[in-house]
Amino acid sequence: MNNALNQLQPYPFEKLRALLGGVTPAADKRAIALSIGEPKHTSPAFVAKALADNLDQMAVYPTTLGLPALRQSIASWCERRFGVPAGWLDAARHVLPVNGTREALFSFTQAMVNRSDDGLIVSPNPFYQIYEGAALLAGAKPHYLACLDSNGFNPDFDAVPADVWQRCQILFLCSPGNPTGALVPLETLKKLIALADQYDFVIAADECYSELYFDEQSPPPGLLSACAELGRSDFKRCVVFHSLSKRSNLPGLRSGFVAGDAEILKAFLLYRTYHGCAMPVQTQLASIAAWNDEAHVRDNRDLYREKFDAVLDILAPVLDVGKPDGGFYLWAKVPGNDDAAFCRDLFEQQHVTVVPGSYLSREVDGVNPGAGRVRMALVAPLAECVEAAKRIRTFVEG
Ligand SMILES: Cc1ncc(COP(=O)(O)O)c(C=O)c1O
């Protein structure tokens with residue numbers, strides 16, 4: 001058996017189950033889960049129709065590269081969304097469809113890591129757990145950068161020693177972040193691109209929450225925006241990961257893409273060909289419909305905006321919690337600093353589930369940057385989120 005499997009940590013939800021296993025929640029209260037980051041808004045009907053209309057495509061093998069029409073609709077979306085000049089993103093070379101960003105982040109890491117080097121995968125901390133598991137199974141060592149309140153919940157990249165950059169093979173970014181909701185600023189992205197050139201590493205920007213933001217007038221920038229501003233028309237060393245899961249409430253469609261450096265994507269395509277993870281044609285055709293439409297994405301943002309406003313009205317007076325730059329999580333500081341105890345007692349008294357921040361991060365040099373915080377996903381309908389917020393407030397006010 002692959003001995004690296006032994007290095008994998010239990011997934012945070014497993015730890016959560018163990019924490020809450022022996023606890024009996026208040027019998028008079030209906031369960032509300034703010035723990036799982038699964039979008040719950042309605043999937044767009046026109047995407048479902050496109051899928052249904054093309055079910056006959058089940059009769060054909062899809063190609064790993066995907067349909068030219070899908071890659072073109074993605075390239076055009078990137079141009080519109082991130083200000084990439086027309087013609088820079090060649091749909092044939094710079095875009096690959098993936099079955100959601102989860103598998104893509106994992107398989108990308110397997111394809112990129114050079115096992116003959118003493119390589120590091122540099123990741124924010126707390127982080128989406130796949131970055132770590134992917135690194136370990138690829139034979140690389142994760143290196144964590146703390147995301148603290150004192151630095152806007154972004155890693156302090158200036159403090160990273162040169163020898164870490166020297167050994168870095170992939171730098172994972174998550175912007176807006178899970179769980180912090182923090183955006184990596186455009187100027188930081190540009191600095192990181194300069195570092196990637198200096199030390200020869202790949203920037204893998206997980207931007208699956210990029211379409212969930214609050215100000216319709218200023219969509220958050222991504223790594224492609226930084227490339228556009230720098231005149232980096234070849235996207236050298238830069239790869240972005242996007243998904244329809246959160247943007248379009250299609251977590252079960254399993255559809256996303258990677259875009260960027262053509263040389264890197266060529267190697268990734270070769271890996272994927274053997275990996276065997278081509279996107280079914282009917283899924284590709286439904287995805288084209290989703291990427292070509294923004295109205296449903298604006299409606300989606302409206303729903304989240306309403307929920308964040310309502311929930312923060314209730315929680316901000318009693319908890320240290322702010323509106324994130326994007327995404328659908330609140331990253332709240334808990335009174336007393338014991339996030340697991342907060343989570344357990346909240347479940348027991350109010351039947352509301354949240355995730356302890358320390359389960360989403362690793363302790364480094366005696367400090368766990370997620371400790372003392374909890375993650376709340378505002379994915380349930382408005383009334384349920386409001387009800388949860390009221391119960392959390394009652395719990396905090398004790
Ligand atoms: C930060 C982050 N990246 C990637 C994913 C994977 O999403 P999907 O595979 O649905 O695109 C998630 C899902 O929760 C996530 O939170």
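## Helices, strands and the loop of Asn114

Helices, of at least four residues, and strands, of at least two, are DSSP runs that are numbered from the N terminus. In this predicted model, Asn114 is found in the loop that runs between helix α4 and strand β3 (120–125). Asn114 counts as partly exposed because its relative accessibility is 35%, a value between the limits of 20% for buried and 50% for exposed. The C-alpha atom of Asn114 is separated by 8.3 Å from that of Ala140, although the two residues are 26 residues apart along the chain.

## Helix α4

Helix α4 covers residues 101–112 and has twelve residues. From its first C-alpha to its last, α4 reaches 16 Å, which is close to the 16 Å expected at 1.5 Å a residue. Nine of the twelve residues are buried, so α4 is largely enclosed by the rest of the structure. Among the buried residues of α4 are Thr101, Glu103, Phe108 and Met112.

## The ligand and its surroundings

The ligand is surrounded by 14 residues, and the closest of them are Thr101, Asp206, Tyr209, Ser243 and Ser245. Thr101, one of the buried residues of α4, places a polar side-chain atom 2.6 Å from an oxygen atom of the ligand. Arg102 contributes through its backbone: an N or O atom there lies 2.9 Å from an oxygen atom of the ligand. For Lys246, a polar side-chain atom lies 2.8 Å from an oxygen atom of the ligand. On its own the ligand has 400 Å² of accessible area, and the protein covers 92% of this.

## Salt bridges within helices

The structure holds 24 salt bridges. In helix α12 (residues 295–315), Arg305 and Asp302 are three residues apart, about one turn of the helix. Their closest N and O atoms are 2.6 Å apart in the salt bridge that they form. Arg305 is buried, because its relative accessible area is 17%, whereas Asp302 counts as partly exposed at 38% relative accessibility.

Two further pairs can be described in the same terms. Lys190 and Glu187 both lie in helix α7, three residues apart, and form a salt bridge whose closest N and O atoms are 3.2 Å apart. Lys190 counts as buried at 18% relative accessibility. In helix α14 (residues 382–397), Arg393 and Glu397 are four residues apart, about one turn of the helix, and the closest N and O atoms of their salt bridge are 3.2 Å apart. Arg393 counts as partly exposed at 26% relative accessibility, while Glu397 is exposed, with a relative accessible area of 52%. An α-helix has 3.6 residues a turn, so residues three or four places apart point the same way.

## A salt-bridge network and a buried loop residue

Salt bridges also link Asp197, Asp200, Arg232 and Arg237 in a network. Phe235 is placed in the loop between α8 (223–230) and β7 (238–243). Phe235 is buried, with a relative accessible area of 0%. Phe235 and Leu224 are eleven residues apart along the chain, and their C-alpha atoms are separated by 7.6 Å.

## Backbone features in loops

Two cis peptide bonds deserve mention. One joins Ser175 and Pro176, with omega at about -10 degrees; the other joins Asn178 and Pro179, with omega at about 10 degrees. Pro176 has its place in the loop between β5 (168–174) and α7 (186–199), and Pro179 is also in the loop between β5 and α7.

Arg254, a residue other than glycine, has a positive phi near 55 degrees. Arg254 is found in the loop between α9 (244–247) and β8 (256–260) and is partly exposed, with a relative accessible area of 31%. His351 is not a glycine either, yet its phi is positive, at about 55 degrees. His351 lies in the loop between α13 (339–350) and β10 (352–353) and is buried, with a relative accessible area of 14%.

## A nonpolar surface patch

Met1, Leu5 and Leu8 make a nonpolar surface patch of about 360 Å². Leu5 is found in the segment before α1 (12–20). Leu5 counts as partly exposed because its relative accessibility is 40%, and this value meets the requirement of over 30% relative accessible area for residues of a patch.

Terms used: Residues are numbered from 1 along each chain as its sequence is written. This is a predicted model: local features need pLDDT of at least 70, side-chain atom pairs count only at pLDDT 80 or more; totals for chains, interfaces and linings use all residues. Side-chain values use heavy atoms; hydrogens and water are left out. Patches are made of residues with over 30% relative accessible area and no salt bridge: like charges are joined within 9 Å, nonpolar side chains (Val, Leu, Ile, Met, Phe, Trp, Tyr) within 5 Å. Accessible areas come from the Shrake-Rupley method with a 1.4 Å probe; for residues, only the protein chains shown count as cover. A salt bridge is a side-chain nitrogen of Lys or Arg within 4 Å of a carboxyl oxygen of Asp or Glu. Buried means under 20% relative accessible area, exposed over 50%, partly exposed in between (1.4 Å probe, protein chains only). A residue is near a molecule or strand if one of its heavy atoms lies within 4 Å of it. A polar contact is a pair of N or O atoms within 3.5 Å; within protein, one must be able to donate a hydrogen and the other to accept it, and residues adjacent in sequence count only if both atoms are side-chain atoms. The expected span of a helix is 1.5 Å times one less than its number of residues.
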